[in-house]
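The following questions and answers are meant to be read alongside the sequence and the structure. Please look at both before each answer.

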Amino acid sequence: MKLINKVLTGMALTAMTATAAQASTLEDVRAAGELKCVVTTGLAGFAAPDANGRWEGFDADFCRAVAAAVLGDGDKVKFVPSTGKTRFTMLNSGEGDILFRNTTETLSRDVDLKLSFLPVNFYDGQGFMVPASLGVNSALDLDGASVCIQTGTTTELNLADYFRANGMSYEPVPIETNEEGFTNYVAGRCDVYTTDASGLASTRAKFDDPTQHVVLPEIISKEPLGGAVRHGDDQWHDIGKWVVNALINAEEMGVNQKNAMNLAANAPGNNPGINRLVGTEGSMGAMLGLDAKWAARAIAQGGNYGEIYERNVGPNTPLEIGRGLNNLWNNGGVLYAAPIR
Amino acid sequence: MSTPTPNTNALVRAWYDKETRSVIVQIIAAALILSFFAFIINNAVVNLSNIGKDINFSFLWDNASYDINQHLIEYSSTSSHFRAMIVGLINTLLVAVAGIVLATILGFILGVMRLSRNWLTQKIAYVYIEYMRNVPVLLHILLLHGLIVSSLPRPKGSYNFGDTFFLNNRGFQMPSPEFQSLFWIVGGFVVAGLAFAWWFSRYAKNVQDTTGKTYPVALINLAAILLMPLVVYFALGSPIEWDVPALKGFNFKGGMVVRPEFIALWLALSLYTAAFIGEIVRAGIVAIDHGQTEAAQALGISNSRVLKLVVIPQGLRVIIPPLTSQYLNLAKNSSLALAIGYMDIVATIGGISLNQTGREMECMLIVMAIYLIISLLISSGMNWYNDRIRLVER
């Protein structure tokens with residue numbers, strides 16, 4: 001009888017948890033006191049644990065910015081590592097609240113996978129890396145090559161399209177993680193490693209002598225990378241969206257990691273745009289269901305967009321990725337965030 | 001003190017009746033199990049519809065849009081997800097069947113070695129079995145794949161066997177046959193040879209049963225199946241052209257290739273399962289009472305015939321049931337292919353298709369159904385064989 005009681009209680013509890021999961025994501029995150037952020041299993045510069053086990057990188061900083069805006073503390077993030085295959089299931093099943101995992105926005109993912117994408121925070125494109133010793137100068141010379149490719153990614157589909165469009169053959173060597181791709185590439189199982197150009201830069205930086213490997217000039221796809229949340233919770237989508245916009249606007253307005261909290265604490269200045277951003281004017285935070293200083297905290301956490309970029313992937317990091325498209329619109333790039341008003 | 005109503009009495013009486021009680025308990029248990037599954041299924045359906053998803057298999061006819069390196073049937077990125085699934089299924093079956101064959105051969109050798117009177121032979125088998133079955137099979141797979149990929153040369157430095165066979169870390173390249181139009185005649189002779197062999201075995205057995213006269217059955221059958229078609233093949237002027245692989249650019253072009261992923265998975269599964277089969281075979285042989293062997297020897301039957309006619313037929317009865325479960329394990333373990341990127345059923349429909357279409361529920365149901373069918377087929381095949389060799393009681 002004891003056993004039956006246990007079983008029945010267990011079933012009742014399962015039934016309760018199954019129905020209780022319907023509260024809003026914002027309430028869930030506040031109740032849990034931490035933001036569960038889905039990131040990669042490790043891609044240097046984007047999201048990877050450092051020597052002390054602290055997650056560092058471009059995507060990790062966006063997670064922290066959201067946590068700072070929502071919970072008031074950028075360290076209240078639980079990083080949930082995911083492979084290219086598991087990421088959307090993890091988000092949709094509630095194992096994560098938000099996803100920052102160098103993920104390309106596409107129609108089918110947005111509509112059919114039931115995701116809501118946040119504004120693009122990294123404009124990328126798929127490239128190829130080959131050992132310099134092969135003497136290959138163009139992706140069009142790759143006929144017959146073995147290509148290491150992460151499964152479950154848009155790059156896999158681009159690759160098939162590119163070789164078909166150019167009438168070339170290839171042997172796909174499917175791999176699960178960036179780490180596995182690196183190992184296979186080093187061992188020579190494949191001649192070419194293909195992924196987003198940023199990922200290639202990250203992988204290339206890990207070699208003892210990066211000059212032994214070249215990234216070919218062809219960029220064969222558009223890869224607008226951005227964060228994502230589950231479909232159906234508009235408030236939570238808005239929060240993610242405006243945190244990203246706030247970080248980009250902050251760079252444009254010169255609000256940075258150092259001055260954000262000062263601006264928010266002092267009396268409103270003469271720039272109404274900055275005032276609205278840091279919460280000394282208007283009621284932007286309240287509209288989102290947050291407090292007035294949400295954006296100021298997000299900026300103070302890891303800096304504005306430019307600071308996050310320079311610290312993790314910019315020209316002075318091992319990844320050496322120039323700003324390129326990822327510069328502000330008035331600086332030759334395409335970052336054009338909607339205004340906060 | 002009130003008297004209990006007759007109704008309660010009947011219930012109480014029913015409860016104390018052993019038969020009725022067991023029926024009641026079974027009904028309750030069945031109801032609990034059914035409601036548990038109803039709850040799970042309902043939960044899945046409700047949660048799926050909450051995020052706006054339905055269960056729909058029409059995605060199977062959409063373009064798969066991805067390439068698969070090892071495909072035994074025609075496949076390209078414009079084929080459907082369904083075709084990708086079939087490609088994956090064939091790859092799974094290929095490695096499962098090849099694995100079962102090799103594991104059985106190695107297993108029987110190991111089982112006999114374990115019983116050898118030679119100290120070294122017996123210890124080698126012992127150490128091998130203990131090592132293989134005490135390390136998870138996934139590690140064997142990863143180790144073998146790592147060894148092949150890292151230690152074999154790259155295509156330019158391939159081991160060259162007479163300019164026809166090449167071994168490198170992209171696999172084992174060999175010539176592939178291209179059948180000319182006349183080849184069907186040779187094929188016809190093979191079929192005819194097989195039919196003759198089947199008839200002749202029965203005929204020879206019949207003759208032996210009635211007259212005691214024996215024919216060299218194996219030799220004659222071998223000639224019928226192999227020699228005749230070979231003679232015809234050369235008489236027709238060798239109607240097969242061989243497509244020999246040659247190094248062009250990055251890789252070998254032409255011919256066939258056995259990829260490192262297949263080799264690693266096949267060897268690891270076979271070597272691992274062979275250790276278990278070895279123990280089963282040993283148990284089967286040990287289970288035969290020594291008196292049986294002695295009795296046979298007392299009749300003056302030669303040692304090889306004692307094995308063939310007395311020990312093995314009886315041992316098989318002990319061996320087959322546990323052997324079936326090893327075959328099932330091997331077939332299911334082949335799903336570990338995922339770890340090294342062998343494109344089996346889990347990697348195609350249960351992996352890439354699932355991920356590109358977002359149809360987790362449907363893809364997983366398909367994969368589970370396919371594994372269930374494969375396992376049931378293996379079981380029923382082995383049960384049929386078990387029935388055939390069972391002790392016939394007269």
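Q: In which helix of chain B is the place of B:Leu230?
A: The model is a predicted one, in which local features need pLDDT of at least 70, side-chain atom pairs count only at pLDDT 80 or more, and totals for chains, interfaces and linings use all residues. Residues are numbered from 1 along each chain as its sequence is written, while chains are lettered from A and ligands numbered from 1 in the order in which they are written. Helices (H or I, at least four residues) and strands (E, at least two) are DSSP runs, numbered from the N terminus. On this basis, B:Leu230 belongs to helix 7 (residues 217–235) of chain B.

Q: Is B:Leu230 buried, partly exposed or exposed?
A: A residue is buried if 20 or more other C-beta atoms lie within 10 Å of its own, exposed if 12 or fewer, and partly exposed in between, with C-beta atoms placed from the backbone. B:Leu230 has 14 other C-beta atoms within 10 Å, so this residue is partly exposed.

Q: How far apart in space are B:Leu230 and B:Pro216, C-alpha to C-alpha?
A: In sequence, B:Leu230 and B:Pro216 are 14 residues apart. In space, the C-alpha to C-alpha distance between them is 21 Å.

Q: Which residues does A:Leu247 touch, not counting residues up to four places away in sequence?
A: Two residues are in contact if their C-beta atoms, placed from the backbone, lie within 7 Å. With residues up to four places away in sequence left out, A:Leu247 touches A:Ala65, A:Ala298, A:Ile299, A:Asn304, A:Tyr305 and A:Ile308.

Q: Why is chain A as compact as a globular protein of its length?
A: Chain A contains 14 helices and 12 strands. The radius of gyration is taken over C-alpha atoms, and the globule rule is 2.2 Å times the number of residues to the power 0.38. For 341 residues this rule gives 20 Å, and chain A is as compact as such a globular protein because its radius of gyration is close to that, at 22 Å.

Q: How far apart are the C-alpha centres of the two domains of chain A?
A: Bounds from an automatic or database domain assignment divide chain A into domain 1 (22–124 + 224–331) and domain 2 (126–221). The C-alpha centres of domain 1 and domain 2 of chain A are separated by 29 Å.

Q: Which element gives the largest share of the side of chain A that touches chain B?
A: This contact takes 33 residues from chain A and 30 residues from chain B. The largest share on the side of chain A, 5 residues, is given by strand 9 of chain A.

Q: Which element of chain A has the lowest mean pLDDT?
A: pLDDT is the predictor's confidence in each residue, from 0 to 100. Its mean over chain A is 89, and 94% of the residues reach 70 or more. Helix 3 (residues 58–71) of chain A has the highest mean among the elements of the chain, 96, whereas the lowest, 47, belongs to helix 1 of chain A.
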